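Here is a friendly briefing to read alongside the model. Please keep the viewer open as you go through the points.

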Amino acid sequence: MKQIFLLSFLVLSCIFSITSLAQSPAAAPIAPAKPSPTKPAPSTPAPAPAKPLVPALPQSPTTNPDSSGNQDIIKILRKAKSFNTLIRLLKTTQIINQVNAQLVTTKNGGLTILAPDDAAFSQLKAGYFNSLGERQQKELIQYHVLPVYVSSSNFDSLSNPVLTLASDSPQGFQINVTAYGNSVNISTGVLDATINGIVYTDKTLAIYHVDKVLIPLDFVKPKAIAPAPALAKAPKADKENSSADDDDQTQGTKDSSDSISLIHIHGVSVLVSLGVSLFAAGVTTML
């Protein structure tokens, strides 16, 4: 009896388990694994802006000081102070007119002015500028202007020798520029100068302060001596005339010699005749 009871209990337990499983909800489907997000490739950092090789001067005027947008070089130099001598020479040589015209017509290329201050001009020998001719005075001021725009960070990209506004040929009135570290040096072949700072700069005009007046090598190197002209050959007619003159002189000498010989012969004849006459007279007297 006890065994029947246990068997019945097991059967009921199985039926209860099957009923529970049938009534339980179905398991939720497993969600597919989400793909891991791809990390974007690291972007190349933008290159840092080129560091200026020339520092700005404390008294440098602001960019585009003229509200109309005109680049007044004289006004810029006057505002920067210490450039009174350069301002005066730009006016007296009238190079300021050429520079302004060049700046207007070459907006894409621009200009660069290497500006010596009053202290630099005071280092020149007294009366040096006035000792130059009018043309050399203009060339000296033009020598301080580059017909291209050079930013403060691009001096090391220049190819030496560098032409200036005074260069009338690829060989004349050139400078050599050397940039290293935070220093820019200029060599003329006569002296070495240094750019001390930025006076003014925008996209087409740059003015830099230099510590010396740049003297061109063309002012001190000896000029080439012109070769002596070749002697011209004597014309043929002159040679013939010369030969004729020589023949006439020879003929004259010969005629003179013949005359002397004839005179000598005639002299002998006279002496002989005189001797015969005297002998005849003596014979006559004796008779």
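Helices (H or I, at least four residues) and strands (E, at least two) are DSSP runs, numbered from the N terminus. This is a predicted model, in which local features need pLDDT of at least 70 and side-chain atom pairs count only at pLDDT 80 or more, while totals for chains, interfaces and linings use all residues. Residues are numbered from 1 along each chain as its sequence is written, and side-chain values use heavy atoms, with hydrogens and water left out.

**The sheet**

- An open sheet of 7 strands runs in the order β2-β1-β7-β6-β5-β4-β3, with mixed pairing; β2 (145–146) and β3 (162–163) are at the edges, each with a single partner strand, so one side of each has no neighbour in the sheet.
- Two strands count as paired if DSSP finds at least two bridges between them.
- β3 and β4 (residues 174–180) run antiparallel and are joined by 2 bridges, with leucine 163 opposite glutamine 174 in β4.
- β4 also pairs with β5 (residues 183–187) in the antiparallel sense, over 5 bridges, and here tyrosine 180 stands opposite serine 183.
- The hairpin of β4 and β5 has 2 residues between the strands, and glycine 181 takes a positive phi near 60° there.
- β6 (residues 192–201) and β7 are antiparallel over 5 bridges; glycine 197 has histidine 209 in β7 as its bridge partner.

**Helices around the sheet**

- Helix α4 (residues 95–105) lies across β1 (111–116), β2 and β7, and runs at about 150° to β1. For that angle, axes are lines fitted to C-alpha atoms, for helices over the stretch in contact, and angles run from 0 to 180 degrees between N-to-C directions.
- In α3, the buried residues include Thr85, Leu86 and Leu90. Buried means under 20% relative accessible area, exposed over 50%, and partly exposed in between (1.4 Å probe, protein chains only).
- The cover over the buried residues of α3 includes α2 (73–80), α4, β1 and α7.
- Threonine 85, in helix α3 (residues 84–92), has a relative accessible area of 18%. Leaving aside residues up to four places away in sequence, threonine 85 touches Asp118 and Phe121, where contact means heavy atoms within 4.5 Å.

**A charged pair**

- Side chains of opposite charge can pair when their charged atoms come close.
- Glutamate 139 forms a salt bridge with arginine 135, their closest N and O atoms being 3.2 Å apart. The rule asks for a side-chain nitrogen of Lys or Arg within 4 Å of a carboxyl oxygen of Asp or Glu, and the count comes to 1 salt bridge.
- Both residues of this pair, glutamate 139 and arginine 135, lie in helix α7 (residues 134–142), 4 residues apart, about one turn of the helix.
- Glutamate 139 is buried at 10% relative accessible area, whereas arginine 135 is exposed at 61%.

- Serine 82, in the loop between α2 and α3, has phi near 70° and is partly exposed, with a relative accessible area of 40%.
- Phenylalanine 173, in the loop between β3 and β4, has phi near 50° and is buried at 6% relative accessible area.
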